[in-house]
Amino acid sequence: MLPEVSRPRSVARALRHRTRRLPTGARVLLPWTRSHASTPEQILASVARAELTVVATAPYGLLLGGGDPDLAPLAAVERTHAWRRLLSWLPEDPLLAALVELLERTLVPRLPLGATRHALLVLERHPSLPGGPGPREQRLRLAPAAALASIPPEELAAPLTSPRARYLMFTLLAQLESRGPDQAAQSDHAGAVLPPPYAAEYAEWRAAHAADAGATALTRAWARDCEGRLRRGVDLTLAADYQLVGDLLSHHYRSFPEDT
Amino acid sequence: MAASAVVSLLWDKHLPALDRFLDARRVDVVLAPQAGATPLLHEVVQRHGSELVVLDGLRPRRRQDLRIDEAITDLDTHLATDDWLPPDVDAAGAARLRELIGNRYRADIPAAGAVLQGLVTARASYDLRLLVGSEDVLSASKVAFAWARARALPSLHLAHSLALVDPYTVHAHLMADVLAVYGERGAEGYLDLGISPDRIVATGNPAWDGYAQLRTAREKVRRALHDKHGLDQRLPVVVFGTTWSARLTAMDTGHAHTDTLRAFLRACGELVGRGVQFTAVVKDRPSNADAGRAVVDRLAADGALDVHYTVDDTQEWAVAADVLVAVDSNYLVEAMLAGTPGINLPGVALRAGPPAFDAESGIVEAGPHDLAERIAELLDDPTLRAGRLARAERALDRYHTGGVDGRAAERVAELMARLADRTTIAGTAAAPPSSGQRLRERLHHAVDVVVGHRREQR
């Protein structure tokens, strides 16, 4: 295992220096931490210049923050108070902790380099085959469906009995779906990773979010083009918003079970 | 010189703050909508020698007349067109939307319009200083707060609860200039929405100032409730605070009152089965009295369980309880104030969401499957119990600023005074009309206990 190299300009030189005596085919492990000075592109370029090939990348630390905003699945939520509240339960909720451990073991290492702040790189001394554009491109592309498929559904069932774990998992899936290159294809995949009862709950949860967004947007939009709604700069239809959202959810989106 | 006036859309429970404000500031007139002109408001206003004027009773002069009827006619014409329809709606869906929307604004605009008309009329006769209310999303108050912003009249929304569930749909915005929350925890959902920390102030809840005294009189409170309900004094008391489905978010599972009660009563049954002796109390909302009692009777009918149902003495029960169970509820913050261990029951009333409490709050989380166990251990294990209570005590200030210092009404009154005074300064200086920026600057100076800033200082 190599010590982490932090100064970017010296990375290629340091790597070459430390690995030059290794025979072709020898492998080394390089710890890497993302920073402004060491992006995934930069480290992969340095590795290639040092005449090494990337055999594998293993990102870790999904919940530690600091990933590339375009690649990190949780970038949109990890700075919110709501997310910090969720994570505060990690020491108290063994099922939540078990889910995180499962994700770190299965999904996270298959995320692209840069999706988390930290990663381990397996490098091979192979001067004739420098890390080419093919594998590098692959390592920078988000492929959530393939990564998700690596989670054994039977191992998810127990952790997901915790409502906190369900919230974490559903949020992660929804974020991955919204970031996938082909959203329609991703949605099927995302829910499919869950054991059946939770797959259904996830689908309902997504539908509930969509209904909330739809009802809220329609409530604000329907009268926008009617100038007559304004009096002294005030939109009179504001008066109807509160009950209208409830009416739309109940009777248009049919979001609630029928009364028995 | 025009008589000075403040507009109050406060609920009765928040009137102690208005009371303190009127102690500190001479105001000639308090304006309130008919719906908010309660006997208690009359009493508070009269005590300070001010006059209560009902907004929707004011008669506009001809040029002030807003002609609300014509607005409704214009909206009817607009609704009949297809211009506003979402693209994915079929003919039946369009007809349904027209009916839902049309019925709603025709029902809600007249009353809210009358309050708006009252505000416009009042502005011509009074020197308005401040608009303050207990919510800014319901029909008339939403319109009133929008008007205050449009007229640069400082406005304060004193939250009627700590937003433990992140603000959704109708709640996911802030109409008022400034939001007073009970503790920093109450700001989190609004900050996550992107609302500026400069607009949020943590004051505590005037309605909870009574806990300062109540919790020092725990034994007396317990005895009084035991006597009132004929309870066995030797048994511990487990109180369940009910919830209900407002159906204003699709995250609501729809039957929260019954579903959560069933979970609680089932847990009680389990405890009885294990030989745990205790008194179960269901504390329901007054508005739910008859229906709630019927549900409890039905659910508890087949068990050997004796459940006491009540809609009264909310704060007293929080103090008298040995364990308090509730659902993502402010009643659990009251348990923290009361020094009573609390258990939250998430995942039944709402679909999966962010936890209402952080783990450091001392509030325990339980699901229907382990609720009985969590109750039993808090009753039986003094060390666990003391640990939870100590945590809650440490976290209390984040959930309720000032803890149990009993001074929330005072802090809200001070905030009201600072906001109202800025109006006076701007008015007498014959300043140019306030731009949004100027208003924000004024408010910024008016507010010194700003949630976000406090956080940064840590």
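Predicted model: local features only at pLDDT ≥ 70, side-chain atom pairs only at ≥ 80, totals over all residues.
Chain A contains eleven helices and five strands. Of the 260 residues in chain A, 38% are buried. Among the contacts in chain A with a separation of 6 or more, 83% are between residues 24 or more positions apart.

The domain assignment divides chain A into domain 1 (1-69 + 111-141), domain 2 (74-106 + 143-193) and domain 3 (195-260). Domain 1 of chain A brings eight residues into contact with nine residues of domain 2 of chain A. On the domain 1 side, the residues that touch domain 2 comprise five nonpolar, two polar and one charged.

Chain B is assigned domain 1 (3-207 + 407-457) and domain 2 (210-399). The centres of these two domains of chain B, taken over C-alpha atoms, are separated by 33 Å. Contact between them involves eleven residues of domain 1 of chain B and 13 residues of domain 2 of chain B. The side belonging to domain 1 of chain B consists of five nonpolar, three polar and three charged residues.

The two chains meet through 55 residues of chain B and 54 residues of chain A. On the chain B side, α3 (68-80), α4, α5 (139-150) and α6 (188-192) each supply at least two residues. The largest share of that side, twelve residues, is provided by α4(B). By class, the side of chain B that touches chain A has 31 nonpolar, ten polar and 14 charged residues.

One pair of helices shows how the chains are arranged at this meeting place. Helix α11 (residues 238-252) of chain A and helix α4 (residues 91-125) of chain B have axes that come within 9 Å and cross at roughly 155°. An angle over 145 degrees counts as roughly antiparallel, and α11(A) and α4(B) therefore run roughly antiparallel to each other. The crossing of α11(A) past α4(B) is right-handed. From α11(A), the contact is made by A:A239, A:A240, A:Q243, A:L244, A:D247, A:L248, A:H251 and A:H252. The partners from α4(B) are B:R96, B:L97, B:L100, B:I101, B:R104, B:Y105, B:D108, B:I109 and B:A112. Divided by class, this helix contact has ten nonpolar, three polar and four charged residues.

B:V296 lies in helix α10 (residues 289-300) of chain B. This residue is buried because 23 other C-beta atoms lie within 10 Å, where 20 or more are required. Leaving aside residues up to four places away in sequence, B:V296 touches B:L261, B:V282, B:V307 and B:Y309. B:V296 and B:E43 are 253 residues apart in sequence, and their C-alpha atoms are 38 Å apart in space.

Most residues other than glycine have a negative phi. B:T169 is placed in the loop between β5 (155-158) and β6 (178-181) of chain B, and it counts as buried because it has 23 C-beta neighbours inside 10 Å. B:D313 is likewise not a glycine and has a positive phi of about 55°. The loop that holds B:D313 lies between β10 (307-310) and α11 (314-320) of chain B. With 17 C-beta neighbours inside 10 Å, B:D313 counts as partly exposed.

Methods: Residues numbered from 1 in each chain as written. Chains lettered and ligands numbered in written order. Axes fitted to C-alpha atoms, helices over the stretch in contact; angles between N-to-C directions. Helix = DSSP H or I, 4+ residues; strand = E, 2+ residues; numbered from the N terminus. Parallel < 35°, antiparallel > 145°, perpendicular 65-115°, else oblique. Left-handed = near helix turned anticlockwise from the far one by under 90°. Contact = placed C-beta atoms within 7 Å. Nonpolar A, V, L, I, M, F, W, Y, C, P; charged D, E, K, R; others polar. Domains from an automatic or database assignment. Buried ≥ 20, exposed ≤ 12 C-beta atoms within 10 Å, placed from the backbone.
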